[in-house]
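Here's a quick briefing on charged side-chain pairs. Have a look at the model first, then read on.

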Amino acid sequence: MKTIEILFWIALFIIFYSYLGYGILLFLIVKLRRLFGLKKKFTGNQDYEPEVTLFVAAYNEKDYVDEKVKNSFSLNYPKEKVKHVWVTDGSDDGTPDLLRTYEGVEVYHENARGGKIGAMNRGMQFVKTPIVIFSDGNTNLGEDSIQEIVNLFKDPKVGCVSGEKRIYQKNADAAAGAGEGLYWKYESTLKKWDAEWYSVVGAAGELFAIRTELWQEVEKDTLLDDFIISLRVAMSGYTIQYNPNAYAIETASANVKEELKRKVRISAGGIQSVVRLSPLLNPFKYGTLSFQYISHRVLRWTLTPLLLLFILPMNFALAYNSGMNPENIYTLLFYGQVAFYSAALIGWFLENRRIKIKALFVPYYFFIMNLSVYLGFRRYMKGNQSVKWERAKRG
């Protein structure tokens, strides 16, 4: 029983650290750095206002084209310094024809569908500006997003800038919207602290930018193109910075079923990324970046979900050994876990019946997040995840 007790506390610490402990540690590090005057803001190159390319890799986005193009041309940045490039591999719904009706939009279409990363690899040859900004066809950008991104590139040590993903919740109380919105708010806070300490660990595909010269062609079967592209920039000796004032907004998934579908794809890509970025696990080579990467990403995609599977039976064994004494710490923790998963179950029950109690949707979303890791790992091991992703339905 002593061995189980030790394993239980180790598992509990890792789980806590993955979701909350690292955030607490980041908060303390950032506060201490500010206290000792270690927060430095780059002030050089104030006149830096380069040409940029807004790059959209699209597949059958006809319903979003008009709104997206109008949004892109309305952004606050010198119009003559913004190039608009759309790559539409495989689109057969009239997307490329519609795009060609807009003056100032460069359209590069190919009938064969090679997935988003195939379009990005092919389309980068047409980018001639020093900065390329990637965005999705079904998201709108905040009006100052380009300027906010460029401002961070004034620092020559910055190789990539990630914007913020914001969730527009038409059904604000639905499980997917409530959980996803809360998750991204927490993630945004962690990213701000990560960036202030050293570097963000991965960009959001809805809106991120890199120095064009740092582009590296990515493997054709890559699932998380934004994650791989941005971290390879960081591994080249640059930092990934984060600016929530540059943001892309999209609606939440229509329901948890659609959100699970999306997260399973992301989880499969996460496992693939951990394998492909294995050199980054070496803190002796990459230092702080490795520590941030393991703490913020690797644990959540690998060890933590596995430990969640085992900690409940271990907790039960320890509580049972204590006679289920309600004053015993193991009994209290066991009942706490039971209450949490019961809340998740009730959240699932209510979601299916369209009853809205947001407090119960958060544990349900947490459960879905970790379930997606198991399903994503299985999909990755089977090797049947296509790069030709099917878009999740939005609310």
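**Salt bridges across the chain**

Arg 276 has a relative accessible area of 24%, so it counts as partly exposed (buried is under 20% relative accessible area, exposed is over 50%, and partly exposed is in between, using a 1.4 Å probe and protein chains only). This is a predicted model, where local features need pLDDT of at least 70, side-chain atom pairs count only at pLDDT 80 or more, and totals for chains, interfaces and linings use all residues. Residues are numbered from 1 along each chain as its sequence is written, and side-chain values use heavy atoms, leaving out hydrogens and water.

*Overall count*
- Searching the whole structure turns up 14 salt bridges (a side-chain nitrogen of Lys or Arg within 4 Å of a carboxyl oxygen of Asp or Glu).

*Asp 221 and Arg 276*
- These two side chains meet in a salt bridge, 2.6 Å from N to O.
- The pair ties together distant parts of the chain, 55 residues apart: Asp 221 is in the loop between β7 (207–211) and α7 (225–235), and Arg 276 is in helix α8 (residues 256–276) (helices are DSSP runs of H or I, at least four residues, strands are runs of E, at least two, and both are numbered from the N terminus).
- Asp 221 is partly exposed too, because its relative accessibility is 39%.

*Arg 122 and Asp 89*
- Arg 122 and Asp 89 form a salt bridge at 2.5 Å, N to O.
- Both Arg 122 and Asp 89 are buried.

*Lys 81 and Glu 49*
- Lys 81 pairs with Glu 49 in a salt bridge, with the closest N and O atoms 3.8 Å apart.
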